[in-house]
Amino acid sequence: MERRLEGKRVLVTRPKERVEELCFLLEDEGAEVMSLPMLELRPPEDPRPLAAAAESIQRYRWVVFASPSAVEALMEALREAGTVNRLAHVRIAVVGPRTARTAEGYGLKVTAEPAEATGLGLFEAIRGELHPEDEVLLPAGEEGRRELELALREQGVRVTRVTAYRSTPAPLPPGAQEALGQMPPDVVLFASPRTAEVFLDAAGAEGLGRAKVVAIGPTTAAALARLGIGVAAVAASPTPEGLVDATVRAVHG
């Protein structure tokens, strides 16, 4: 079988988890994978708003998840509050397939998932089901983008946005920058705007060298463009398979 990335060095910038499947698929295509942790996910500094939302989860008509980390954080808060069973009466919307898999892994039934895995795509997927005065819970990252929240508010629904987690820059491992200079990657993958920002703060644009840049989706691609970084390919879906296919397109054109 043809290995489409034979001999290519691929740098995966990431939080400290959830990249094993992606790295395996890249290696299966013949890539030499380098994985660089850029973010550490931490609990919110003030956990009380998330705990309060979990205790009264039954009041919401929708819970809208924009990331797998938001699912995990809310489920932990529900477990601590003893209210997991009340979530059965709430409709669940997710931004994309990774978030859907995480929700389903907890036994949740996903009601809505957009074709385009963006916050505005998710809004379009549920807007026809929203009614004025509906209460919507939006657990999100502290630094998360606001487009979905603003669109929901403009629709007239009552949105409770709570910080489910926060991301802090992870220090570059010793020798990482030197290694990038000695063995520059052919492709660099970015899975979020925040990861791109932290990478560029730590390594600078020169850390990319002549690598082709791949974005997990249009939101990350737009963030990279604002940072002055050209994007060679955007994943058609925000999944490990989608990122691998985008990497192949970046390499082969």
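Is Thr-195 buried or exposed? In this predicted model, Thr-195 is buried, with a relative accessible area of 1%. The residue belongs to helix H8, which spans residues 193-203. Its side chain forms a polar contact of 2.7 Å with the side chain of Ser-192. When neighbours within four places in sequence are left aside, the residues in contact with Thr-195 are Thr-13, Arg-14, Met-38, Leu-39 and Phe-190.

The loop between H8 and strand E8 (212-215) contains Gly-207. This glycine has a relative accessibility of 13% and counts as buried, because the cut-off for a buried residue is under 20% relative accessible area. Not counting residues up to four places away in sequence, Gly-207 touches Leu-180 and Phe-199. Its C-alpha atom is separated by 9.7 Å from that of Glu-178, a residue 29 positions apart from Gly-207 along the chain.

Helix H9 (residues 218-226) has the buried residues Thr-220, Ala-221, Ala-223 and Leu-224. They lie on the same side of H9, because the arc they cover around the axis is only 160 degrees. Ala-225 and Arg-226 are exposed on the face of H9 turned away from this buried side. The elements that cover the buried residues of H9 include strand E7 (187-190), H8, E8 and E9. Just after H9, Gly-228 adopts a positive phi of about 85 degrees.

A buried set is also present in helix H1 (residues 20-28), where it consists of Leu-22, Cys-23 and Leu-26. These residues cover an arc of only 95 degrees around the axis, so they share the same side of H1. Glu-20 and Phe-24, on the other side of H1, are exposed. Glu-133 is located in the loop between helix H5 (119-126) and strand E5 (135-141).

Thr-239 occupies the loop between strand E9 (233-234) and helix H10 (240-252). With a relative accessible area of 8%, Thr-239 is buried, because this value falls under the 20% cut-off. The side chain of Thr-239 reaches the backbone nitrogen of Gly-242 at 3.0 Å. Beyond residues up to four places away in sequence, Thr-239 touches Pro-97, Arg-98 and Arg-101.

The second largest pocket was also examined. Its volume is about 340 Å³. The lining comprises 18 residues, of which Pro-43, Pro-44, Leu-50, Ala-73 and Ala-164 are the closest to the centre of the pocket. At least two lining residues are supplied by each of strand E2 (32-42), helix H2 (48-55), helix H3 (68-81) and strand E6 (158-169). H3 gives the most to the lining of this pocket, with seven residues. By class, the lining has 11 nonpolar residues, six charged residues and one polar residue.

Definitions and conventions:
Residues are numbered from 1 along each chain as its sequence is written. This is a predicted model: local features need pLDDT of at least 70, side-chain atom pairs count only at pLDDT 80 or more; totals for chains, interfaces and linings use all residues. Side-chain values use heavy atoms; hydrogens and water are left out. Buried means under 20% relative accessible area, exposed over 50%, partly exposed in between (1.4 Å probe, protein chains only). Helices (H or I, at least four residues) and strands (E, at least two) are DSSP runs, numbered from the N terminus. The arc is that of the directions from the helix axis to the C-beta atoms. On a 1 Å grid over the protein atoms alone, a cavity is a set of points where a 1.4 Å probe fits but cannot get out, and a pocket is an open set with protein on both sides within 12 Å along at least five of seven lines; lining residues have an atom within 4 Å of a point. Grid points are joined across faces, edges and corners, and a volume is the space filled by probe spheres set on the points. Ala, Val, Leu, Ile, Met, Phe, Trp, Tyr, Cys and Pro count as nonpolar, Asp, Glu, Lys and Arg as charged, and the others, Gly among them, as polar. A polar contact is a pair of N or O atoms within 3.5 Å; within protein, one must be able to donate a hydrogen and the other to accept it, and residues adjacent in sequence count only if both atoms are side-chain atoms. Contact means heavy atoms within 4.5 Å.
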